[in-house]
Amino acid sequence: MKRLLDLLVASLALLALWPILALISALVWLQLGRPILFRQTRPGYKGKPFLMRKFRTMHNTHDTNGNLLPDLDRLGRFGMFLRRSSLDELPQLWSVLRGDMSLVGPRPLLMEYLSLYTTDQKRRHETKPGITGWAQIHGRNAVSWEERFKLDVWYVDNQSLWLDVKILFLTAYVVLARKGISAQGEATMPKFQGTVEK
């Protein structure tokens with residue numbers, strides 16, 4: 001039933017939103033240039049890597065030594081708008097159709113974090129990653145890493161079709177209210193450094 005919900009909602013959303021997807025693509029090209037999509041390998045179900053796609057939100061600006069500037073310095077007003085409205089996440093609907101992601105599940109993080117998880121935190125990969133999730137409606141990027149992982153594992157243990165529908169509706173409220181977009185002083189969240197396992 002979860003897979004059927006994913007296919008139905010993702011298909012209808014892509015059909016309904018294709019003019020918006022085309023418009024955002026054109027604006028990203030005009031504002032930030034190419035590539036239009038940000039692509040990055042992320043861990044999926046059971047930690048298996050997949051290619052996640054989002055609309056680009058940052059300039060590729062480098063310092064005098066050729067290093068990329070910090071995220072906050074490369075995130076302009078247009079990119080901030082895409083993030084605050086979560087419009088940058090729309091290309092992930094293709095990943096849902098492909099089966100790499102679900103509409104609801106723990107957000108896919110960086111591959112480099114896999115070796116840093118505690119035994120309990122690793123359980124977030126016992127289900128497919130999602131465009132939104134239990135942690136996203138309970139603070140999004142404004143909660144600590146430890147709290148976020150607890151929320152992810154809670155979802156793994158309690159997932160159901162009804163819970164997914166509830167999360168989808170509450171996500172709409174969180175996005176419209178623009179809550180928890182980023183941790184204080186960060187473009188999104190600080191890098192995860194690991195948790196001392198008790």
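In this predicted model, the count of aromatic pairs comes to eight. One of them joins Tyr 113 and Phe 192, whose ring centres are 5.6 Å apart and whose planes stand at 75°, so the pair is edge-to-face. Tyr 113 sits in the loop between strand 3 (102-104) and strand 4 (130-132), and Phe 192 in the segment after helix 6 (161-177), so the pair ties together parts 79 residues apart in sequence.

Phe 192 also forms an edge-to-face aromatic pair with Phe 149, with 5.0 Å from centre to centre and 80° between the planes. Because Phe 149 belongs to helix 5 (residues 145-158) and Phe 192 to the segment after helix 6, this pair links parts that are 43 residues apart in sequence. One aromatic cluster is formed by Tyr 113, Tyr 117, Trp 145, Phe 149 and Phe 192.

Relative accessible areas for residues discussed in this report are as follows.

| Residue | Relative accessible area | Class |
|---|---|---|
| Tyr 113 | 5% | buried |
| Phe 192 | 3% | buried |
| Phe 149 | 2% | buried |
| Ser 86 | 14% | buried |
| Lys 46 | 59% | exposed |

In soluble globular proteins, nonpolar side chains tend to be buried together. The largest nonpolar core here has 27 residues, of which Val 28, Leu 93, Trp 134 and Ile 167 touch the most other members. At least two residues of this core come from each of helix 1, strand 2, helix 3, helix 4, strand 3, helix 5 and helix 6. Helix 1 gives the most, with seven residues. Apart from neighbours within four places in sequence, Ile 167 is in contact with Val 104, Thr 132, Gly 133, Trp 134, Ile 137 and Tyr 155. There is also a second, separate core of eight residues, which includes Leu 109, Tyr 113, Tyr 117 and Met 189.

Helix 1 is not straight throughout. At Leu 17 it bends by about 60°, and a proline, Pro 19, follows within four residues. The end C-alpha atoms of helix 1 span only 36 Å, whereas a straight helix of 31 residues would span 45 Å at 1.5 Å a residue. Its buried residues are Leu 5, Asp 6, Ala 10, Ala 13, Leu 14, Leu 21, Ile 24, Val 28 and Leu 32. An α-helix has 3.6 residues a turn, so residues three or four places apart point the same way. Among the buried residues of helix 1 are Leu 21, Ile 24, Val 28 and Leu 32. The cover over the buried residues of helix 1 includes strand 2, helix 3, helix 4, strand 3 and helix 6.

Several backbone features lie in the segments between these elements. Gly 33, which follows helix 1, has a positive phi, near 80°. Arg 34 and Pro 35 are joined by a cis peptide bond, with omega about 0°. Pro 35 belongs to the loop between helix 1 (2-32) and strand 1 (37-43).

Two residues other than glycine also have positive phi values. Lys 46, with phi near 60°, lies in the loop between strand 1 and strand 2 (49-55). Ser 86, with phi near 65°, is in the loop between helix 3 (77-84) and helix 4 (92-98). Lys 46 is exposed, whereas Ser 86 counts as buried.

Technical notes:
Residues are numbered from 1 along each chain as its sequence is written. This is a predicted model: local features need pLDDT of at least 70, side-chain atom pairs count only at pLDDT 80 or more; totals for chains, interfaces and linings use all residues. Side-chain values use heavy atoms; hydrogens and water are left out. Rings of Phe, Tyr and Trp (its six-membered ring) pair if their centres lie within 6.5 Å; planes under 30 degrees apart count as stacked, over 60 as edge-to-face and the rest as tilted. Buried means under 20% relative accessible area, exposed over 50%, partly exposed in between (1.4 Å probe, protein chains only). A nonpolar core is a set of buried Ala, Val, Leu, Ile, Met, Phe, Trp, Tyr and Cys residues joined through side-chain atoms within 4.5 Å. Contact means heavy atoms within 4.5 Å. The expected span of a helix is 1.5 Å times one less than its number of residues. The bend at a residue is the angle between axes fitted to the seven residues ending there and the seven starting there.
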